[in-house]
Amino acid sequence: MPEARAYGDVADCLGDRDFQLALWILYELHYRGFEGVDDAAEWDPLLLVSRAGLERTMEHAVRELVASTDHAPPALEPDSDPAPQVVKALVQMTIGDGVSPVATFLRRRATREEFRDYLAERAIYHLRESDPQSFVLPRIDGAAKAALAELQYDEYGGGRPDRLHATLFARALESLDMSTDVASYLPDVSGETLASVNLMSLFALNRRLRGAAMGHLAAFEATSSLPCEQILRGARRLKLPDAVQDYYDEHVEADAVHEQLAIRNICGNLVTAEPELADDVLFGAAACLAVDSRAGQKLLTDWQDRRDRKPTGSGRAEAAG
Amino acid sequence: MSARRVTVEACPGGPLLIRGADEVVSDDGTVGKVERSVVAVCRCGRSDRLPWCDASHRAKRRSRKKDD
């Protein structure tokens with residue numbers, strides 16, 4: 001029996017596997033549920049209360065993280081139109097140096113095993129790719145809704161089931177004889193990665209946070225094309241199957257489109273329609289960058305620790321850079 | 001049957017978003033077949049996937065290393 005933990009034992013909920021796994025399981029009831037679990041559990045009052053408690057703790061931690069890192073969003077000028085300011089801020093916040101450390105590692109140094117680790121870690125999201133944001137569609141209107149629908153249509157394969165992004169990822173996993181069952185990745189996924197996925201559900205399932213959900217989407221898409229190109233090069237370097245390359249190849253072009261749709265057509269139009277959401281949109285974008293950056297750091301640290309324990313492997317991999 | 005609608009939307013500092021086209025021909029004659037409902041066409045010339053945008057306009061470096 002694992003040792004029982006109390007709520008008060010959670011010091012850093014964004015890196016706490018038990019905390020994030022509990023929240024992930026509660027969210028999963030709203031997506032696909034679990035075999036052998038009554039579908040009605042989705043609206044079980046006790047579970048909803050539990051979820052609300054975890055969410056409040058998580059949101060508080062995310063707000064603290066955003067305020068304490070260099071991902072804090074810029075303050076908006078109160079006397080001028082917020083929409084163009086939000087668009088400009090989103091572009092600036094997501095420019096950075098354009099390359100994520102994880103993508104660089106995968107491109108230059110990762111072994112085949114480490115690349116598989118990466119796919120396993122990301123499976124928890126990519127096998128459900130874009131599903132959280134679909135919950136926002138009925139919560140927004142007009143041009144922003146049309147733009148979100150356009151983006152989601154592309155994520156969902158543009159009318160072609162075989163091009164569903166989640167299916168492309170599943171095919172990549174299959175090509176490496178890896179499971180396509182999300183649950184099989186739960187025992188090993190880090191609290192930080194679970195937090196990055198839960199963040200999307202937190203924003204998308206709470207109508208109050210719809211602005212943050214769309215800001216998150218904008219930051220996510222705008223920081224995806226360039227890393228996907230790096231990861232694609234890593235997959236080619238390791239001569240991984242076509243299905244793996246296809247997934248990242250698709251995302252270079254798709255996310256270059258989605259970046260524009262999300263920043264301008266979704267967030268810009270959303271803030272024009274609901275100016276009071278401006279700060280939430282920027283908070284969501286900042287939260288995406290801060291939480292995902294933590295998940296990336298955790299991955300890199302774990303890879304490094306494993307290499308340090310196996311000194312024979314690391315020298316060879318270093319030289320590959 | 002109504003005429004098909006083709007639209008071009010310019011993104012400041014970024015690509016053109018094109019909806020409804022069948023193909024896009026770039027400067028060097030490369031024909032890009034349109035395979036999604038909206039495509040982003042490069043305007044800065046830094047893309048490695050012309051005629052498509054690959055978000056290279058976001059990278060700080062003038063051109064990326066092509067060492068692999």
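A:F105 and A:W303 are both buried in this predicted model. Their ring centres lie 4.7 Å apart and the planes meet at 15°, so the pair counts as stacked. A:F105 belongs to helix α4 (residues 101-108) of chain A and A:W303 to helix α13 of chain A, and the pair thus links distant parts of the chain, 198 residues apart.

Another aromatic pair, A:Y125 with A:F220, is edge-to-face, with 5.6 Å from centre to centre and 70° between the planes. Because A:Y125 sits in helix α5 (residues 112-126) of chain A and A:F220 in helix α10 (residues 210-222) of chain A, the pair ties together parts 95 residues apart in sequence. A:Y125 is buried at a relative accessible area of 3%; A:F220, at 19%, also counts as buried, because the cut-off is under 20%.

Over all chains, the whole structure has 9 aromatic pairs. Ring pairs also join A:F115, A:F169, A:Y247 and A:Y248 into a cluster. A charged group meets a ring where A:R63 lies over the face of A:F283, 4.0 Å from the ring centre.

The largest nonpolar core comprises 109 residues, and A:F115, A:M214 and A:Y248 have the most contacts inside it. Helix α13 (residues 278-309) of chain A contributes the most, with 14 residues. A second, separate core has 7 residues, including B:I18 and B:V24. Beyond its neighbours within four places in sequence, A:F115 is in contact with residues including A:L106, A:I231, A:L238 and A:Y248.

As for confidence, chain A has a mean pLDDT of 93, and 95% of its residues reach 70 or more. Over residues 314-321 of chain A, however, pLDDT stays under 50.

Definitions and conventions. Residues are numbered from 1 along each chain as its sequence is written. Chains are lettered from A and ligands numbered from 1 in the order in which they are written. This is a predicted model: local features need pLDDT of at least 70, side-chain atom pairs count only at pLDDT 80 or more; totals for chains, interfaces and linings use all residues. Side-chain values use heavy atoms; hydrogens and water are left out. A nonpolar core is a set of buried Ala, Val, Leu, Ile, Met, Phe, Trp, Tyr and Cys residues joined through side-chain atoms within 4.5 Å. Buried means under 20% relative accessible area, exposed over 50%, partly exposed in between (1.4 Å probe, protein chains only). Helices (H or I, at least four residues) and strands (E, at least two) are DSSP runs, numbered from the N terminus. Contact means heavy atoms within 4.5 Å. pLDDT is the predictor's confidence in each residue, from 0 to 100. Rings of Phe, Tyr and Trp (its six-membered ring) pair if their centres lie within 6.5 Å; planes under 30 degrees apart count as stacked, over 60 as edge-to-face and the rest as tilted. A charge sits over a ring if NZ of Lys or CZ of Arg is within 6 Å of the ring centre and within 35 degrees of the ring normal.
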